[in-house]
Amino acid sequence: MQTQTNDKNLMEDILLLEKGACDLFMHGAIESSSNNVHQAFNDALNDSLCMQDTIYDKMAAKGWYPTEQAEQQKINSVKQKFSMQS
């Protein structure tokens, strides 16, 4: 049981770090001064997003990152709200 808790905490930390890396790469891409720099940050962002997705999938498979199914009524309400703002 102790190992599982430590593994879960470690994966949560890794996911948090990966999300931070995504944020940094995104801002780097936005603030780039040239196409080459922009493309380098964009490539790094895409790689980081893939890693984040893999980490999430592994955590979800172990039941460490549970998700709830959204109710259709709530989805429709949000869609309506944002379609009115356009």
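View 1. In the protein chain, residues 24 or more positions apart account for 62% of the contacts with a separation of 6 or more, where contact means heavy atoms within 4.5 Å. This is a predicted model, in which local features need pLDDT of at least 70 and side-chain atom pairs count only at pLDDT 80 or more, while totals for chains, interfaces and linings use all residues. Residues are numbered from 1 along each chain as its sequence is written, and side-chain values use heavy atoms, with hydrogens and water left out. The secondary structure comes to three helices and zero strands, and from the N terminus on the elements run α-α-α; helices (H or I, at least four residues) and strands (E, at least two) are DSSP runs, numbered from the N terminus.

**View 2. The extent and surface of the chain.** The C-alpha trace spans about 50 × 35 × 15 Å along its principal axes. Its radius of gyration is 18 Å, whereas a compact globule of 86 residues would have one near 12 Å; this radius is taken over C-alpha atoms, and the globule rule is 2.2 Å times the number of residues to the power 0.38. The protein chain exposes about 7000 Å², of which carbon and sulfur atoms supply 54%, with accessible areas coming from the Shrake-Rupley method with a 1.4 Å probe and, for residues, only the protein chains shown counting as cover. Of the 86 residues, 15% count as buried, a word that means under 20% relative accessible area, with exposed over 50% and partly exposed in between (1.4 Å probe, protein chains only).

**View 3. Helix H2 from end to end.** Helix H2 covers residues 35-61, and its 27 residues should span 39 Å at 1.5 Å a residue, which agrees with the 39 Å between its end C-alpha atoms; the expected span is 1.5 Å times one less than the number of residues. The buried residues of H2 are Leu 45, Ser 48, Gln 52, Ile 55 and Met 59. After H2 comes Gly 63, whose phi is positive, near 80°.

**View 4. The largest nonpolar core.** Five residues, Met 11, Leu 15, Ile 55, Met 59 and Trp 64, make up this core, which is defined as a set of buried Ala, Val, Leu, Ile, Met, Phe, Trp, Tyr and Cys residues joined through side-chain atoms within 4.5 Å. The elements that give two or more residues to the core are helix H1 (2-31) and H2. Leaving aside neighbours within four places in sequence, Met 59 is in contact with Met 11, Glu 12, Leu 15, Trp 64 and Tyr 65.

View 5. Lys 8 is found in helix H1 and is partly exposed, with a relative accessible area of 31%. The C-alpha atoms of Lys 8 and Met 59 are separated by 7.7 Å, although the two are 51 residues apart along the chain. Tyr 56 lies in helix H2 and is partly exposed at 25%; not counting residues up to four places away in sequence, Tyr 56 touches Leu 15, Tyr 65 and Thr 67.

**View 6. Two cysteines without a bond.** A search of the whole structure finds zero disulfides, a disulfide being a pair of cysteine sulfur atoms within 2.5 Å. The sulfur of Cys 50 is 9.3 Å from the closest cysteine sulfur, in Cys 22, which is too far for a bond. Cys 22 counts as buried at 7% relative accessibility, whereas Cys 50 is exposed at 52%.
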